[in-house]
Each structure stands twice: as structure tokens, then as C-alpha cells.
Amino acid sequence: MASAPSSDDMFDEFLSQRGHDVDQSGWEESYNKKQCPDCGGLHESTAAQCSVCGWAPVR
Ligand SMILES: [Zn+2]
């Protein structure tokens, strides 16, 4: 079975390529806050868009 990588292996590879956590909406996360992937601004978890640069996640 050496030629059949498990889904866990593929997920680990995906994470290593990204290098950080990104939630489903597109926000990056840092210290339990949302972080704008565009300008890096930190926002409360309730934020719907970035108040710094105006970025919003694609819905
Ligand atoms: Zn921003």
C-alpha cells in the first residue's frame, strides 16, 4: 500500500504549503482574531469586512 497516500498525508501537505491557518470564509486567524489576508489588519471575530483596506471574504 506504499503507493497509495492516505488523506491525512495529503492534508498535511496542504497545511505545510499554506504555512498558517485560514478559516473557511477566507479570513486568516491570529490569536483568536480575524486577520485580513490583504493588509494584515486584525479584527474581532464578528467583523464582516476589513475596516482598514475594505477587503471582504468572497461569499
Ligand atoms: Zn485589510
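This report goes from the overall fold to the metal site and then to a pair of aromatic rings.

**The overall fold**

Keep in mind that this is a predicted model. The three strands make an open sheet with the order S1-S2-S3, and their pairing is antiparallel. S1 and S3 are the edge strands, since each of them pairs on one side only. If you zoom in on strand S2 (residues 33-35), you will find that S2 and S3 pair in the antiparallel sense over two bridges. Gln-35 has Leu-42 in S3 as its bridge partner.

How much of the protein is buried? Of its 59 residues, 19% count as buried. The accessible surface is about 4800 Å², and 49% of that area belongs to carbon and sulfur atoms. Among contacts with a separation of 6 or more, 9% come from residues 24 or more positions apart.

**The zinc site**

Which residues hold the protein donors of the zinc ion? They are Cys-36, Cys-39, Cys-50 and Cys-53, each giving its SG atom, and they lie 2.3 Å from the zinc ion. In sequence, these donor residues are spaced C-x2-C-x10-C-x2-C.

Why is the arrangement called tetrahedral? The four donor atoms subtend angles of 105 to 114° around the zinc ion, and four donors count as tetrahedral if all angles lie between 85 and 135 degrees. For four tetrahedral donors, the ideal angle is 109.5 degrees.

| Residue | Relative accessible area | Class |
|---|---|---|
| Cys-36 | 1% | buried |
| Cys-39 | 39% | partly exposed |

The cut-offs explain these classes: Cys-36, at 1%, is buried because its value is under 20%.

**The aromatic pair**

How many aromatic pairs are there? The count comes to one aromatic pair. Trp-27 and Trp-55 form this pair, which is edge-to-face, with 4.9 Å from centre to centre and 80° between the planes. The pair links distant parts of the chain: Trp-27 sits in the loop between helix H1 (7-18) and strand S1 (28-30), whereas Trp-55 is in the segment after strand S3 (42-43), and the two are 28 residues apart. Are these residues buried or exposed? Both Trp-27 and Trp-55 are buried.

Notes. Residues are numbered from 1 along each chain as its sequence is written. This is a predicted model: local features need pLDDT of at least 70, side-chain atom pairs count only at pLDDT 80 or more; totals for chains, interfaces and linings use all residues. Side-chain values use heavy atoms; hydrogens and water are left out. Donors are N, O and S atoms within 2.8 Å of the metal (3.2 Å for Na, K and Ca); water is not among the atoms, so sites may look incomplete. Four donors count as tetrahedral if all angles lie between 85 and 135 degrees; four count as square planar and six as octahedral if opposite donors are over 155 degrees apart and all others between 65 and 115; anything else is irregular. Buried means under 20% relative accessible area, exposed over 50%, partly exposed in between (1.4 Å probe, protein chains only). Rings of Phe, Tyr and Trp (its six-membered ring) pair if their centres lie within 6.5 Å; planes under 30 degrees apart count as stacked, over 60 as edge-to-face and the rest as tilted. Helices (H or I, at least four residues) and strands (E, at least two) are DSSP runs, numbered from the N terminus. Two strands pair if DSSP finds at least two bridges between them. Contact means heavy atoms within 4.5 Å. Accessible areas come from the Shrake-Rupley method with a 1.4 Å probe; for residues, only the protein chains shown count as cover.
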